[in-house]
Amino acid sequence: MPGTSDDHGRGGGRAGGRVSWWRGLWSPAAAVRAVRAAVLVPALFAFALLVIKSPPVATFTAFGGFASLVLAAFGGTRRDRAVAHTMLTLVGAVLIVIGTLASHAVVAAAIATAVVAFTSYFAAVIGPNDASGAAAAMLPYMLAASAAAPPGVIGDRVAGWVLATGVGGLAVVLTAPRSAGAELRQATATLAVGLADLLEAGALRAALPELRAAVVDATHKMMALFVSAPNRPSGLVIADQAMAGAVNQLEWCKGLVGDGIDRVGDLRDAPLTVRAPLEASAKVLRQAAAVLRGEQVDPDLKGLEQASADSIARLTGPGGPDADPMELVVAFYGQTTANGVRAFATDVLIATRGADPLTAASSVRRWYTLARPDRPPLRRLVTPAGVAGIVLRNASLRSVWFVNALRGALALSAAVVIVQLSGVRSGFWVLLGALSVLRTSAASTGTQAVKAVVGTAAGVAVGAALLPLVGPSPWASWAALALAVFVVGYGPGKVPDIVSQAAFTVVILVLYNILAPTGWTLGLVRLQDVAIGCLVSLVAGLLVWPRGAGDLVRDDVAEMFRDGGVHLTESVAWALGRRTRPPDLEARAAASAFRLEDALRGYLAEPGSKRMNRQDLWRLVISGVRLRQTANALDDLTPRDASPDPRCDALLRHADALAAFYASLADQVGRPSGPMPPLLAPPSPPDDEVLGAGGDGLPLHRLRRRWVGEHLRHLELHLADLVAPAHELADQRRRPWWR
């Protein structure tokens with residue numbers, strides 16, 4: 001069915017709200033995809049049927065063409081696409097063998113289908129190409145497993161699949177338009193330039209409100225693109241992680257710059273040495289933006305590091321820790337912003353494949369939390385430990401991919417059992433119907449099921465009128481097939497699902513009428529089978545995860561706050577020398593944040609209206625990102641060469657109070673039962689004496705105390721705004737899922 005790849009690989013539904021389908025109907029990329037499919041699918045089918053003269057080869061050639069030319073949507077460079085199409089060919093061939101051999105026994109077919117379906121859905125944790133390829137590879141498996149066939153047909157089936165996916169993959173690689181991730185890169189570059197403008201505003205204070213408004217708009221656009229699909233939207237695994245890291249780092253920098261301006265009015269109001277990191281950051285932001293736009297630029301990371309080192313030297317010299325408080329505030333935001341910009345630029349270089357392997361390896365550690373920065377660097381970009389880390393952090397009922405995979409395995413294995421026991425003549429359509437309408441909630445699955453049945457009925461009606469007109473003319477049949485394939489190829493994301501479904505039904509009617517003329521009554525059989533498959537998916541949606549991704553979003557928000565608060569207390573103790581080993585919760589907090597991002601993508605991609613207020617949700621999510629980034633910044637706080645600070649107890653208590661507040665938020669948002677517990681009030685920020693502006697102790701003690709205190713104060717600027725959103729999400733959690 002036409003919605004299979006677009007909805008499985010990209011989540012189905014529009015993340016940006018309800019938009020009339022005719023807006024943005026024209027798309028050059030969709031036109032290229034449709035023309036490519038309309039030419040190659042009939043041509044390959046004709047070659048297999050008229051030249052090779054083998055109906056099994058022809059059948060798998062036709063569906064292989066759909067898989068590689070319509071369902072699979074691979075991103076990245078031409079090399080990335082070539083690798084992805086090669087893997088699709090190999091995996092599909094293996095699944096054809098498994099499906100054919102398992103089709104003879106009900107138990108074997110059910111077990112094999114459950115394993116294949118779970119693996120296919122769970123592959124989405126690796127990246128968008130893996131998700132799209134796994135969805136496309138399910139097509140030949142379902143075709144092979146839906147009806148018992150002798151092992152002797154395996155060769156013809158695999159030959160048809162390899163022929164179609166080989167030619168189709170080559171055509172895609174040679175004619176593929178610009179990568180879908182380019183739009184996100186442009187939006188990220190725009191925000192980077194806006195931040196640079198804000199940092200360089202200088203004496204143009206009247207322009208600050210206008211510049212800040214432009215930065216806010218650019219941030220909204222970047223984040224909307226970033227979460228517009230359930231997978232990270234560019235390239236393969238390493239590029240995905242790099243682009244995601246760049247987006248997160250830039251959002252963090254945006255918050256730092258905005259909060260710094262709120263504190264002091266203009267971050268440049270400080271001696272040259274103290275504000276030098278800000279000027280160097282603006283320069284690197286512009287250079288990184290140029291890299292994202294495809295220019296050959298080398299960001300001046302060494303100059304940025306030197307400016308930071310000079311600023312630290314001034315602050316650790318005589319009188320540095322006791323300087324004017326506002327000068328220290330500017331220095332804090334300068335150092336912290338410089339660290340964020342350095343990480344952003346490094347991620348940009350990796351995303352554009354411009355970083356050396358050792359530099360990239362350092363960021364890979366940060367993405368996957370494989371090792372502490374003080375351990376030896378990794379020598380390879382992709383390691384078994386890295387892949388295992390992705391899988392393990394998602395092997396949880398709080399992972400959208402894990403629960404989605406469980407539901408998919410249940411629905412498709414149940415559909416196979418029904419097909420095997422009932423003797424349905426065309427069981428493939430039952431499986432395809434179950435796969436194409438399965439969504440992340442019972443309500444959206446039911447909506448999609450109605451669309452599938454109505455679209456199939458419409459296609460049967462069109463076919464009933466078309467086939468008599470086509471008559472015995474082979475040219476008319478092939479022309480009708482090409483036209484219907486064009487509509488199906490253009491459809492994903494551009495025309496209503498019902499139209500795509502109707503066009504796909506016409507394709508099948510014409511296709512099978514060419515193979516063995518049976519008339520339009522074949523459509524009635526297909527309509528019945530699709531309805532059975534839709535019913536199976538609807539039942540599976542009711543049994544597993546009826547609320548959809550919304551519940552997981554709330555669970556993961558709660559887990560992020562709870563783990564992030566504990567990570568914060570550990571990081572504060574580590575930064576102040578009161579902890580002898582690095583924080584233990586870094587990897588766990590990172591896993592919580594990654595699961596939340598995936599759940600949020602799945603939730604925004606669900607069709608229909610959203611129960612959670614998007615603004616409230618974003619406040620909580622961004623607050624969690626700020627919490628994690630603050631803890632990570634404290635992990636890497638420099639200088640760290642002083643002995644444990646004996647006068648930091650007040651800061652430790654303050655960190656504990658913050659952790660208690662975040663735990664209170666988690667109790668509200670998570671799984672509330674009974675009366676809602678009172679939400680703790682945000683703690684008051686520490687005063688300047690506690691921060692070290694004139695306190696006792698060694699100079700390095702006082703400077704680190706000031707740095708830690710400023711990090712905690714930065715966290716507190718927006719805590720009061722989280723109380724109302726937490727209460728709202730808790731109220732929604734208490735409502736029944738069908739309301």
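A salt bridge is a side-chain nitrogen of Lys or Arg within 4 Å of a carboxyl oxygen of Asp or Glu. That cut-off matters for Asp 259, which is buried yet has no salt bridge. The structure described here is a predicted model. A search of the whole structure finds 7 salt bridges, and the count of disulfides comes to 0.

**A buried charge: Asp 259**

- Asp 259 has its place in helix 10, which covers residues 237-264.
- The nearest side chain of opposite charge to Asp 259 is that of Arg 626, 4.5 Å away.
- Leaving aside residues up to four places away in sequence, Asp 259 touches Tyr 333, Arg 626, His 714, Leu 717 and His 718.

**Salt bridges**

- Glu 200 and Arg 286 meet through their side chains in a salt bridge, at 2.9 Å from N to O. Glu 200 lies in the loop between helix 8 (182-199) and helix 9, and Arg 286 lies in helix 11 (residues 272-292), so this pair ties together parts that are 86 residues apart in sequence.
- Glu 200 is partly exposed, with a relative accessible area of 38%. Arg 286 is also partly exposed, at 30%.
- Asp 197 joins Glu 200 and Arg 286 in a network of salt bridges.
- A salt bridge is also formed by the side chains of Lys 283 and Asp 300, at 3.3 Å from N to O. Lys 283 lies in helix 11, while Asp 300 is in the loop between helix 11 and helix 12 (301-316), so the pair ties together parts 17 residues apart in sequence.
- Lys 283 counts as partly exposed, with a relative accessibility of 43%. Asp 300 counts as partly exposed at 29%.
- The side chains of Arg 578 and Asp 649 meet in a salt bridge with an N to O distance of 2.9 Å. This pair links distant parts of the chain, 71 residues apart: Arg 578 is in the loop between helix 22 (549-575) and helix 23 (586-605), and Asp 649 is in helix 25 (residues 649-669).
- Arg 578 is partly exposed at 36% relative accessibility. For Asp 649, which is partly exposed, the value is 35%.

**Helix 9**

- Helix 9 takes in residues 208-226, and its 19 residues should span 27 Å at 1.5 Å a residue. Its end C-alpha atoms are 26 Å apart, which agrees with that expectation.
- The buried residues of helix 9 are Leu 208, Val 215, Ala 218, Thr 219, Met 222, Met 223, Leu 225 and Phe 226. Seen down the axis of helix 9, these buried residues fall within an arc of 155 degrees, so they line one face of the helix.
- The other side of helix 9 has exposed residues: Pro 209, Glu 210, Asp 217, His 220 and Lys 221.

**Helix 20**

- Helix 20 (residues 497-515) has 19 residues and reaches 27 Å from its first C-alpha to its last. That is close to the 27 Å expected at 1.5 Å a residue.

**Cysteines**

- Cys 253 is buried, with a relative accessible area of 1%.
- Cys 648 is buried as well, with a relative accessible area of 0%.
- The structure has 0 disulfides, because a disulfide requires a pair of cysteine sulfur atoms within 2.5 Å.

**Gly 624**

- Gly 624 is found in helix 24, residues 614-635.
- The relative accessible area of Gly 624 is 2%, which makes this glycine buried.
- Gly 624 touches Met 560 and Phe 561, not counting residues up to four places away in sequence.
- Gly 624 and Tyr 662 are 38 residues apart along the chain, and their C-alpha atoms are separated by 9.2 Å.

**Lys 53**

- Lys 53 lies in the loop between helix 2 (28-52) and helix 3 (55-71).
- Phi of Lys 53 is near 60 degrees, a positive value in a residue other than glycine.
- Lys 53 is exposed, with a relative accessible area of 64%.

Conventions:
Residues numbered from 1 in each chain as written. Predicted model: local features only at pLDDT ≥ 70, side-chain atom pairs only at ≥ 80, totals over all residues. Heavy atoms only, no water. Buried < 20%, exposed > 50% of the residue type's maximum accessible area, 1.4 Å probe, protein only. Helix = DSSP H or I, 4+ residues; strand = E, 2+ residues; numbered from the N terminus. Expected span 1.5 Å × (residues − 1). Arc of directions from axis to C-beta. Lys, Arg positive; Asp, Glu negative; His and termini not counted. Contact = heavy atoms within 4.5 Å.
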